Amino acid sequence: MNTARIQNTLENLFQDSARWLHPGRRIVFWYDPDQQFASNFNELQLEGVEKLQLADTPFTIKYHLLVEQPTQTFLLYAPFPEPTPQENWLLDIQKSGLTFSADPAALIYADLGLRQRRLETVIREHIKFFKSRKRTEALQAMGISANSDERGLLLAMLSVLAGLKVPDAGTLIRRVLLGGLLESDNVLWSDIERFVSPEAFWEVVQEHTDFPKQNPSLNKLFVQLLITHFAQSLHGAIPSGLANQVITPKQRSYAFIDQWMRDQQDSPGWKTLSNEVAEQLHILDALETLEPEALFEAASFEVVDQVLIRACVKTLRVSFGQASLTQIWQPTVELTPWRTWLKARHTLIWFPKYEKIYQAMDAAIALLEFKQQYIAGFRQPAPALFKAYASNLHSFDKAYRHFIVQSDDAHGDILKGLIEDVENLYTQWFLDELGEAWSDALGKTWELEGIASQTRFFGRHVLPILERSDREKAFVIISDALRYEVASELEEVIKKEIRGETTLEAQLGVLPSVTRLGMAALLPGSKLELIPGDDDVRLDGLSTKGTLARQKVLTENSRVDATVLNAKDLLAMSTEEGRVAVQPYRLIYIYHNVIDATGDKPANERQVLSACGTAISELLRLVKRICNSINGTNVIITADHGFLYQRRPIQEADKRPLPNGEAVLESKRRYLLAREQVNDSTLLHFSLPYIENDMIAIVPRGSLRFAVQGAGAQFVHGGASLQEVCVPVLTYHHQRAVKGDEGPARKVGVQVSARIRRVTNNRFSLTLVQTDAVEGRWRSRQITVALYDPQTNTPITDVRGANLSSTSPHPSDREISLRLTVTTVNPPTNVYLIVKDADDESELLRETWAVSLGIANDFGDF
């Protein structure tokens, strides 16, 4: 053995204070029964250490150590075996010091800085492990405690094999299982068998998860961990065929799987193993006996989501079937619980894969609830029906749009039948019934009492801004085909994203509801001249076709400096370029075209509802750019017209013959312009009070189309349906920071709603309240919630996530109920309930709670 190696080890041994249980002088005993290191002992030069070779005079040595040199540090070399305790006359001194050996295991023991002599034997028994310098250095780098016992050392060695930086039982078990559930094909398992031992691994497993060691296997381990997690997640008893796989007590196993599922790095591997076990155990068959109310919080297997989705679709299809049977609908299926059950899936591991399906089902529930709300139909006077559409009825169009967009992106064919049901309800009930009621309520002149016309837009909304001050600027965004329900959603988004005041009004759009007339109506002026067959409309004798013509109308008729911009151009400008572009002007009209540009192309019209989402995103960016970058304050968003759209192809029965003759001046799918009425009782005829020309507009009733050759019949506008002529005016007034305001945006807060801060059951419910509605400066927030041990600051329950995103002004609507599970066998009696921001893990709330489980009840709350 190299003397320098021995000297270095001894120097570390004497100098490492962590190895010594007392201050003062230090004594090291070195037993060398074969006297193979005698020469090395003689060569040693240890500063401050007196070397002394022991002989058969223990009392002389003891006198020398305790009386003659009581403060001197010694290395005592014994060229004989270590005596038994009964024969060791220096045992009291040896117990206060340390023992050294120069064989490889002893040197490793010394290098690791361990205290328990038994561990030198453990090292010797696993000397194969230490023949690799890389493994030995990795173990040393872990810095294991000097007080480690055999279990601690073996855990550290196993952790080295798993490639870990620190000893970690949970991560070690994960790494082994991720290597494969068949031992013969698991490389890490082979290393454990060669360099440590399977028994050491199973000891770690039992201590960490309570998995029994009798006839263990990796497959059996993962199966039982997963089934135990599943059992703990259920609202009720586990199927009898799986009950024998549950580990008891459940808490450690549940916590192990729960932490694994939430680990971003390892959760993909967990999903793969979970699906393997689900197939192996035929979990889908076992779940057939469980109801949705038992499953809705379980996420141990992907098939749970599939079972819930099938059950929800089946329930919805039954409800849609009932809704189609009679006008007076009395539903026998309760849908309200499904709202809760679907919402509970949002924070679970499989939700991203099935998110589109869940959102489509949620939209389908909204459609059914809407049908139930209007079982008496829609018939009322035209002004009242127009206001009803603006206040509530447009929500049906919005829910239909959401359903179609989400179902388009949904995985598989599970929604195929439901899509047909939704189409039936939307086209055969909502569009038909609402269209008939609206057509019957309309008069002969295109105007409604008490409802502002689109032709009055500039005077009602823009002019007051310009007249308030000669320094005020007005930004008007005109988004082609932005129908009312899309503007309603845009208002919700603006309230969430930007601080300011918003108002949404409805105005009666011009007829025919086409781009050239709608765009002209939004400009300042009084006399519109519509020339059939010409794509230009004159306003007070001026052309309104194109950017330069509209800028001329704006400047001449508003009497202020005005300009016209394209939305894409403005969004592409830098901040400085944007400021320069608008600086000389008080009136800025910005034209945006996403929805109409998509729907008007037959090849793309299927994407028009998805384009509505794109339009919302772009319009939000526009408003932010105007207010945050170029210092705008007053923004008005409106449209030239809305649109009708249905996914189902238009049937021949929904088309009317296209009238012809000399009286017809212009004909399209949704309207005619004519000199006189057409003799057809299925058509509606309107005089147009805002048009200088002597002509009338003729439109089909409801959502019918004229039979026009060619594709592109599903996306249409030009007619008189509420979807086409209820034109939004969304006004936004930006609010800048004021004194005492702490910034432009803040995330919403959270509070706990509980009469008693006490846990009396392993599984308990917790109610949180989102303190602020998401609007203006208040932003949504993702949070995590758990009970924590005050000593270790580690969770004693599973960590649940929640999304604080409610826009409701009512606190009761902003309540969130979560169910937590205690995952510690013997939790402390006083703990902290901690709510954290999921993004930066900052603490939002910390409360002291009492834990008094008594006799644990694993089957429910009380």
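**Entry 1**

The model is a predicted one, in which local features need pLDDT of at least 70 and side-chain atom pairs count only at pLDDT 80 or more, while totals for chains, interfaces and linings use all residues. I number residues from 1 along each chain as its sequence is written, and side-chain values use heavy atoms, with hydrogens and water left out.

I took strands (E, at least two residues) and helices (H or I, at least four residues) as DSSP runs, numbered from the N terminus. Two strands pair if DSSP finds at least two bridges between them. On that basis, β23 pairs with strand β25 (residues 763-770) in the antiparallel sense over 4 bridges. I also noted that glutamine 751 has valine 769 in β25 as its bridge partner.

Next I traced the sheet itself: it is open, has 3 strands in the order β23-β25-β29, and its pairing is antiparallel. The edges are β23 (750-753) and β29 (815-821); each has a single partner strand, so one side of each is left without a neighbour in the sheet. The twist averages 35° from one strand to the next (axes are lines fitted to C-alpha atoms, for helices over the stretch in contact, and angles run from 0 to 180 degrees between N-to-C directions).

I then compared the faces of β23. Val750 and Val752 make up the covered face, and Gln751 and Ser753 the uncovered one.

**Entry 2: the five-stranded sheet**

I recorded a second open sheet, of 5 strands, with the order β24-β31-β30-β27-β28 and mixed pairing. Its edge strands are β24 (758-759) and β28 (800-804), each pairing on one side only.

Strand β27 (residues 781-788) pairs with β28 in the antiparallel sense over 5 bridges. Within this pairing I found glycine 801 of β28 as the bridge partner of threonine 784, and isoleucine 783 opposite alanine 802 of β28.

For burial I used relative accessible area: buried is under 20%, exposed is over 50%, and partly exposed lies in between (1.4 Å probe, protein chains only).

**Entry 3: leucine 225**

I located leucine 225 in helix α13 (residues 218-233). Its relative accessibility is 0%, and therefore leucine 225 counts as buried. I listed its contacts (heavy atoms within 4.5 Å), leaving aside neighbours within four places in sequence: these are Leu177, Thr209, Ile247, Ser253, Phe256 and Ile257. I also took one distance: the C-alpha atoms of leucine 225 and tyrosine 589, 364 residues apart along the chain, are separated by 63 Å.

**Entry 4: salt bridges**

I counted a salt bridge where a side-chain nitrogen of Lys or Arg is within 4 Å of a carboxyl oxygen of Asp or Glu. The structure holds 43 of them.

I examined arginine 133 and glutamate 137, whose closest N and O atoms are 2.8 Å apart in a salt bridge. The two residues are separated by about one helical turn, because they are 4 residues apart in helix α8 (residues 133-141). Arginine 133 counts as exposed at 66% relative accessibility, and glutamate 137 as partly exposed at 40%.

The side chains of glutamate 505 and arginine 460 also meet in a salt bridge (3.5 Å, N to O). Glutamate 505 lies in strand β6 (residues 500-508) and arginine 460 in helix α24 (residues 457-468), so this pair ties together parts that are 45 residues apart in sequence. Both counted as partly exposed: glutamate 505 has a relative accessible area of 32%, and arginine 460 has 34% relative accessibility.

Glutamate 652 forms a salt bridge with lysine 655, with the closest N and O atoms 3.4 Å apart. Glutamate 652 is exposed, at a relative accessible area of 60%. I noted one network as well, in which salt bridges that share partners join Arg174, Arg175, Asp263 and Asp266.

**Entry 5: a surface patch**

I found a nonpolar patch on the surface formed by Tyr63, Leu66 and Val67, with about 290 Å² of accessible area together. Patches are made of residues with over 30% relative accessible area and no salt bridge; like charges are joined within 9 Å, and nonpolar side chains (Val, Leu, Ile, Met, Phe, Trp, Tyr) within 5 Å. Areas come from the Shrake-Rupley method with a 1.4 Å probe, and for residues only the protein chains shown count as cover. Valine 67 lies in helix α3 (residues 58-68) and, at 48% relative accessibility, counts as partly exposed.
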